[in-house]
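Please keep the sequence and the coordinates at hand while reading.

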Amino acid sequence: REEKLRHLTATVDPTLLKPIISAPDYYGTRLPFNNYLCKLIPVGLLLPSFLFLLLLPLKASIPAVTSTAFALAMNEASTSTLKALIPHPRPNFYTICKYNEAAAACTAPPYLVRAALMSFPSGRASGAFTSYTLLGLYIPRLRLPAALFAVYVSYLRVAEHWHHVGDVVVGGLVGAFWA
């Protein structure tokens, strides 16, 4: 299987491996910005911001919200750059690329093949670790639930076959770094 994957990625159009500006979602539509960024905004920024405003005095909540937004932006930039520079197939690569055994090639549209090669590092794991590490730092009594939630998000990425364990570990480290 590794040899087949090596052969397949060697036959992929090299333009698919160039750095990207926008990533498609996995259902075929193109968005003008990164799809996982839109999914991180509600969970990664709005939920911690709501908790900051609810549980911290106003004077302390404003820096907490702005530092979380800045850390998420830096995390997104670094994660997207790593994904573009290091094409690594997802565990469900053959399903996404609609691999045809007879033709020994992917039959999916090129943007889906490109998305299938963007596993490393996990953007959702890095976003979860950025947000919830900051949440735990600003509100110490939420440290354990925040850490458990970030680990749970990472676990789901592996359990749903979107990432390898190494992808979420490095994503978590990137996220914790930006926090």
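A residue is termed buried when its relative accessible area is under 20%, exposed when that value is over 50%, and partly exposed in between. The model under discussion is a predicted one.

Five aromatic pairs are present in the structure. One of them joins Phe93 and Tyr94 in an edge-to-face arrangement, with 5.7 Å from centre to centre and 80 degrees between the planes. The relative accessible area of Phe93 is 1%, so this residue is buried. Tyr94 has a relative accessibility of 14% and therefore also falls in the buried class.

Another edge-to-face pair is made by Phe177 and Trp178, whose rings lie 5.0 Å apart from centre to centre with 75 degrees between their planes. Here Phe177 is exposed, because its relative accessible area is 60%. Trp178, at 27% relative accessibility, counts as partly exposed.

The aromatic contacts around Phe93 also involve a further residue: Phe93, Tyr94 and Tyr99 form one aromatic cluster.

Attention now turns to the surface. Leu47, Phe50, Leu54 and Leu55 make up a nonpolar patch there, and together they present about 370 Å² of accessible area. Among these residues, Leu54 is located in helix α2, which spans residues 35-55. With a relative accessible area of 55%, Leu54 lies over the 50% cut-off and is therefore exposed.

Note on methods:
Residues are numbered from 1 along each chain as its sequence is written. This is a predicted model: local features need pLDDT of at least 70, side-chain atom pairs count only at pLDDT 80 or more; totals for chains, interfaces and linings use all residues. Side-chain values use heavy atoms; hydrogens and water are left out. Rings of Phe, Tyr and Trp (its six-membered ring) pair if their centres lie within 6.5 Å; planes under 30 degrees apart count as stacked, over 60 as edge-to-face and the rest as tilted. Buried means under 20% relative accessible area, exposed over 50%, partly exposed in between (1.4 Å probe, protein chains only). Patches are made of residues with over 30% relative accessible area and no salt bridge: like charges are joined within 9 Å, nonpolar side chains (Val, Leu, Ile, Met, Phe, Trp, Tyr) within 5 Å. Accessible areas come from the Shrake-Rupley method with a 1.4 Å probe; for residues, only the protein chains shown count as cover. A salt bridge is a side-chain nitrogen of Lys or Arg within 4 Å of a carboxyl oxygen of Asp or Glu. Helices (H or I, at least four residues) and strands (E, at least two) are DSSP runs, numbered from the N terminus.
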